[in-house]
Each structure stands twice: as structure tokens, then as C-alpha cells.
Amino acid sequence: MASIIDWTPPMTSTDKALYEAMGKRIATLRKEHGFTQVQLAEAIGVSQQTLAHYEVGRLRMAVSTLQTLCQTLDVSIDELVNEPKKPSKNKRGPTPKLQQQLEQISQLPRTKQKFISEMLDALIQQQQSA
């Protein structure tokens, strides 16, 4: 009877942290795009269980799958793999309310962002006509 040899080395704590963070970003982007795990899994050619393992950082992802995933979620590999850079706060004082609102809008799903953008365009056009 032949035995199967696992050539994959165990994850280091650094690898585990990277895959867990990337998994959270995958789950967030999936939800923002309105995909279920089943739908996204089918789109990238893996099972729902495999995608679930990716989202919690339990499983490493093949590079070919990573590329397909990024294309499906409309993000770069860099955006998916690396932590988002936080803007530096060189200004003094509180953040203006409009900027706070824009930051909150940027956290919404893209469909809701588009809806808000269209509403703002209509209001701006209405004010310019008045």
C-alpha cells in the first residue's frame, strides 16, 4: 500500500498571521461584492469548504487561485496580501465632518457607494442649476 507524503511544511506563526489577515480581507471583499462563499468558490474553481479554510487562514492558496481570486474581486494581489496602509495624520485638530463621512462611505459595499455617489451628483447638479 502506497502512502501519501505531505511535502507542505507546517505554517510558521508569521505565515499563520499573514494567512489569517488575508483571509479576513477575502471575506470582507467577498461580502462587499455580494458573493456567497459558494458563489465565489465556484468563480475561482475551488470548493466552498476550501474557500472557508482560506477565509480563516487555515489553508495556503495556490498562486493560480490567488490570481483568479484577485481578478474576481477586482483587487490587486498587493491589496489582498498586504495590510492596507493607514494614512498618516500630519494635520492637527479634528478630522472635518465631510472627510469622516467620506471615510465611512468608503467602507460600504461598492453598490452602496455608487448609489450615494449618484445621489450626490444629483444634488450638486440641482444646486448648480438653482
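Modeller: A nonpolar core here is a set of buried Ala, Val, Leu, Ile, Met, Phe, Trp, Tyr and Cys residues joined through side-chain atoms within 4.5 Å, where buried means under 20% relative accessible area, exposed over 50% and partly exposed in between (1.4 Å probe, protein chains only). This is a predicted model, in which local features need pLDDT of at least 70 and side-chain atom pairs count only at pLDDT 80 or more, while totals for chains, interfaces and linings use all residues. Residues are numbered from 1 along each chain as its sequence is written, and side-chain values use heavy atoms, without hydrogens and water.

Colleague: Which residues touch the most other members of the largest nonpolar core?

Modeller: Out of its 17 residues, those are Met22, Ile26, Leu40, Leu51, Met61, Leu69 and Leu80. At least two residues of this core come from each of helix 1, helix 2, helix 3 and helix 4 (helices are DSSP runs of H or I, at least four residues, numbered from the N terminus).

Colleague: And what does Met22 touch, leaving out residues up to four places away in sequence?

Modeller: Met22 touches Met61, Leu66, Leu80 and Val81, with contact meaning heavy atoms within 4.5 Å.

Colleague: Switching to helix 2, which residues are buried there?

Modeller: In helix 2, residues 37-44, the buried ones are Leu40, Ala41 and Ile44. They lie on the same side of helix 2, because they cover an arc of only 100° around the axis, taken from the directions from the helix axis to the C-beta atoms.

Colleague: What do they pack against?

Modeller: The buried residues of helix 2 pack against helix 1 (13-32), helix 3 (48-56) and helix 4 (63-73).

Colleague: What follows helix 2?

Modeller: Gly45 does, with a positive phi near 80°.
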